[in-house]
Amino acid sequence: MAAAGFRAFGAKGPAWLGRSAWAQLSAGFCSRGPAGAERPELPPRPTRARQQDGIRNIVLNDPKKRNALSLAMLKSLQSDLLHEAESKDLRVIIISAEGPVFSSGHDLKELTDERSPEYHAEVFQTCSEVMLLIQKLPVPVIAMVNGLATAAGCQLVASCDIAVASDKSSFATPGVNIGLFCSTPGVALGRAVPRKVALEMLFTGDPISAQEALLHGLLSKVVPEEQLEEETMRIAKKIASLSRPVVSLGKATFYKQLPQDLRTAYHLTSQTMVDNVALKDGQEGIKAFIQKRKPIWLQ
Amino acid sequence: MAAAGFRAFGAKGPAWLGRSAWAQLSAGFCSRGPAGAERPELPPRPTRARQQDGIRNIVLNDPKKRNALSLAMLKSLQSDLLHEAESKDLRVIIISAEGPVFSSGHDLKELTDERSPEYHAEVFQTCSEVMLLIQKLPVPVIAMVNGLATAAGCQLVASCDIAVASDKSSFATPGVNIGLFCSTPGVALGRAVPRKVALEMLFTGDPISAQEALLHGLLSKVVPEEQLEEETMRIAKKIASLSRPVVSLGKATFYKQLPQDLRTAYHLTSQTMVDNVALKDGQEGIKAFIQKRKPIWLQ
Amino acid sequence: MAAAGFRAFGAKGPAWLGRSAWAQLSAGFCSRGPAGAERPELPPRPTRARQQDGIRNIVLNDPKKRNALSLAMLKSLQSDLLHEAESKDLRVIIISAEGPVFSSGHDLKELTDERSPEYHAEVFQTCSEVMLLIQKLPVPVIAMVNGLATAAGCQLVASCDIAVASDKSSFATPGVNIGLFCSTPGVALGRAVPRKVALEMLFTGDPISAQEALLHGLLSKVVPEEQLEEETMRIAKKIASLSRPVVSLGKATFYKQLPQDLRTAYHLTSQTMVDNVALKDGQEGIKAFIQKRKPIWLQ
């Protein structure tokens with residue numbers, strides 16, 4: 001699969017996105033008119049993507065701008081996440097970054113009063129859609145962090161399903177220093193770490209180390225820099241070796257049940273378990289285990 | 001009180017279970033017809049229970065099957081939990097296990113397509129009812145873990161009010177390896193540990209150590225193996241020495257207020273405090289404190 | 001600003017309190033009739049407050065009674081928190097305590113049956129109002145803890161936005177020992193630390209150390225006793241140097257979005273970001289950053 005094809009999308013979205021979500025995303029894509037009309041010459045894409053053996057690597061690739069989440073960067077990332085996301089060839093996505101800064105958050109030049117409030121709204125809505133999309137995708141998304149992640153960059157790490165970081169990485173929500181409180185990053189941060197930790201980060205802008213981020217739940221794992229790729233790939237390869245429909249059903253159900261009350265959550269997941277057992281890969285896995293052999297996934 | 005009497009239950013449930021919960025539990029008990037009719041010779045019970053000085057010890061006792069939570073095991077556990085749960089003689093429950101595996105989760109032989117989807121549904125519903133029951137019980141339930149707890153076994157630990165483990169214990173939700181995503185365990189796990197930790201466990205199946213489980217909130221305490229019983233009994237004896245109605249009111253209120261918004265939670269608990277002060281044991285405790293003497297509980 | 005003026009309040013509350021909240025608070029203030037009529041000679045205030053450079057220090061000042069949160073203490077604290085809270089001169093509040101006990105919780109002499117249930121209700125409602133008020137205030141509130149904080153005293157720490165403690169501090173909810181389960185403290189505790197930790201504290205009454213409290217999310221930071229004031233003041237001065245409307249908008253939005261579902265939370269905060277960008281201090285901060293100079297806040 002070539003990265004070149006990543007931009008092309010039809011008007012109809014996949015089922016797992018849901019109608020309303022897709023409508024909003026489409027609106028986001030189309031709100032500035034057809035790309036060709038406004039941008040006769042496309043600038044270089046701020047992300048690059050390649051896929052091999054079911055593992056898609058998306059790299060934030062604008063190190064000179066500290067991988068700022070400009071509107072162009074956000075749309076490029078969104079496009080790379082959405083591209084053929086339903087394909088059986090895709091099993092897991094890794095988001096990493098070029099250079100010493102994972103991402104510095106929004107591009108502040110897009111947020112001056114030279115742009116309209118409508119433009120500012122588009123920036124924040126697109127950013128929120130990308131964060132929501134990560135959870136909606138039918139495959140796990142892993143953040144691989146090697147450096148500083150601040151503001152919406154920290155939000156991106158917090159929004160991924162799994163996050164592996166090198167021990168030299170650090171995390172901050174310093175918007176308050178420049179008069180722009182990290183309210184949208186606070187959504188993801190406030191659901192990842194204890195409230196006291198989130199508020200100290202948000203009110204002071206002070207960074208926390210990778211070890212502190214691990215301690216407080218922002219990260220899944222911290223490793224020395226030289227082991228970062230190896231450990232991330234180990235997790236990605238493991239996930240890529242599993243049954244795709246089983247992982248997809250599990251991810252969707254996890255996020256669906258989490259905000260429910262306990263009884264509703266168990267009602268919902270008990271039905272999922274019955275459905276999962278009835279999947280072909282469910283029966284194959286259970287039988288392989290009983291027969292003490294390796295399962296052969298159909299999908 | 002003899003363990004022998006543990007199976008006998010009347011048709012009417014205690015008030016704290018609630019009508020709907022009891023209806024479902026009764027249906028669970030009765031769905032396979034009267035025990036005597038279908039099972040003229042009862043197999044050995046997969047759990048054993050004894051009670052002394054207000055402390056009930058329930059032991060998962062099928063080490064050859066790695067204490068799998070078969071339907072029989074789940075019903076036996078449910079029965080031991082429910083038995084005379086309203087009795088003033090019962091103050092606290094400890095769930096432990098025989099052998100090196102605390103519990104390996106569901107019995108996969110019950111989940112092949114040789115059984116109907118209705119049977120699979122009964123397995124998962126009964127399991128969910130047991131997990132919900134632990135929170136509904138009027139006394140605290142402590143998991144004492146000395147070994148491996150996986151899948152629904154890990155869920156059982158996560159569902160207890162308190163969990164003490166030896167440092168050699170470990171915890172995993174490896175269902176995804178056999179094509180059966182741990183969606184029901186994810187309900188309890190996702191409410192016990194940070195989302196990033198839960199998802200890495202669920203997506204990779206990799207185990208976490210007792211120390212990691214403590215760090216992330218799955219456990220209350222980790223001790224060396226030789227101190228496990230002593231520490232667990234210390235906590236149990238402490239709880240057994242307290243006023244039963246006060247502990248019972250406190251437990252019910254805690255779970256009731258937790259999912260509420262802050263103002264509703266304070267409204268609800270402020271009323272509980274007034275009711276608690278008005279309890280005979282409430283007044284006895286307060287007066288004993290003021291008079292610098294030990295309280296003498298009525299109940 | 002003199003502490004002497006702290007008691008005087010008009011009938012109308014500030015907008016951020018909300019109508020219903022204010023009605024309840026006013027009712028709380030007035031429920032015992034005009035102060036002058038019942039209390040011709042005012043007793044010494046159980047808190048003291050002073051404010052300098054935007055930082056208000058409120059000190060629980062009844063060390064002989066272990067800074068018990070008597071009704072008088074609660075109302076004095078409430079008054080000190082509310083006093084001119086809308087003033088631009090106020091940027092951040094620190095709550096600390098005189099003596100080796102931060103606070104021992106409710107004054108048990110107010111909870112005997114010599115007082116009416118209505119009186120008990122007033123105690124718990126006023127306490128809950130103070131805890132809710134801390135989150136409603138338009139400036140951050142920091143707990144600076146140097147010693148033991150138990151029951152409602154522990155609740156007060158858990159309710160602050162940020163909490164810094166000396167390493168000799170400890171935290172407990174021991175109400176169960178005297179027949180009065182810490183149900184209201186459980187509201188704040190259950191939202192600050194993992195459920196397993198909260199329930200062990202609530203069921204056993206056992207204290208946890210400052211390090212454990214940090215590990216589990218009850219504290220933002222732990223420092224040696226001799227650095228406690230310095231570190232707390234460092235955080236307070238940092239917050240006092242920031243734009244007040246930006247901090248205020250950020251704090252209100254954080255607590256508003258936290259209980260919402262993810263999509264609603266992003267919808268709400270995306271709008272806040274657009275509003276924040278449009279603030280004069282928002283534009284000043286962004287432009288100062290782009291121009292590589294220090295921002296000059298208007299407010």
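Mentor: Let us begin with a helix pair: in H3(A), the residues A:Leu71, A:Leu74, A:Lys75, A:Leu77, A:Gln78, A:Leu81 and A:Leu82 meet A:Tyr119, A:Glu122, A:Val123, A:Thr126, A:Cys127, A:Glu129, A:Val130, A:Leu133 and A:Ile134 of H4(A), where contact means heavy atoms within 4.5 Å. This is a predicted model, in which local features need pLDDT of at least 70 and side-chain atom pairs count only at pLDDT 80 or more, while totals for chains, interfaces and linings use all residues. Residues are numbered from 1 along each chain as its sequence is written, chains are lettered from A and ligands numbered from 1 in the order in which they are written, and side-chain values use heavy atoms, with hydrogens and water left out.

Trainee: What makes H3(A) roughly parallel to H4(A)?

Mentor: The axes of H3 (residues 71–82) and H4 (residues 117–136) of chain A come within 10 Å and cross at roughly 25°. Axes are lines fitted to C-alpha atoms, for helices over the stretch in contact, and angles run from 0 to 180 degrees between N-to-C directions; angles under 35 degrees count as roughly parallel, so H3(A) is roughly parallel to H4(A).

Trainee: How do the residues of that contact divide?

Mentor: They divide into 11 nonpolar, two polar and three charged, where Ala, Val, Leu, Ile, Met, Phe, Trp, Tyr, Cys and Pro count as nonpolar, Asp, Glu, Lys and Arg as charged, and the others, Gly among them, as polar.

Trainee: Why are S4 and S9 of chain A said to stand at the edges?

Mentor: The open sheet of four strands has the order S4-S6-S8-S9 (chain A), with mixed pairing. S4 (101–103) and S9 (208–209) each have a single partner strand, so one side of each is left without a neighbour in the sheet.

Trainee: How do you know that S8 and S9 of chain A pair?

Mentor: Two strands pair if DSSP finds at least two bridges between them, and two bridges join S8 (residues 170–172) of chain A to S9(A), the strands running antiparallel. In S9(A), A:Ser209 is the bridge partner of A:Ser170.

Note on methods:
Parallel < 35°, antiparallel > 145°, perpendicular 65-115°, else oblique.
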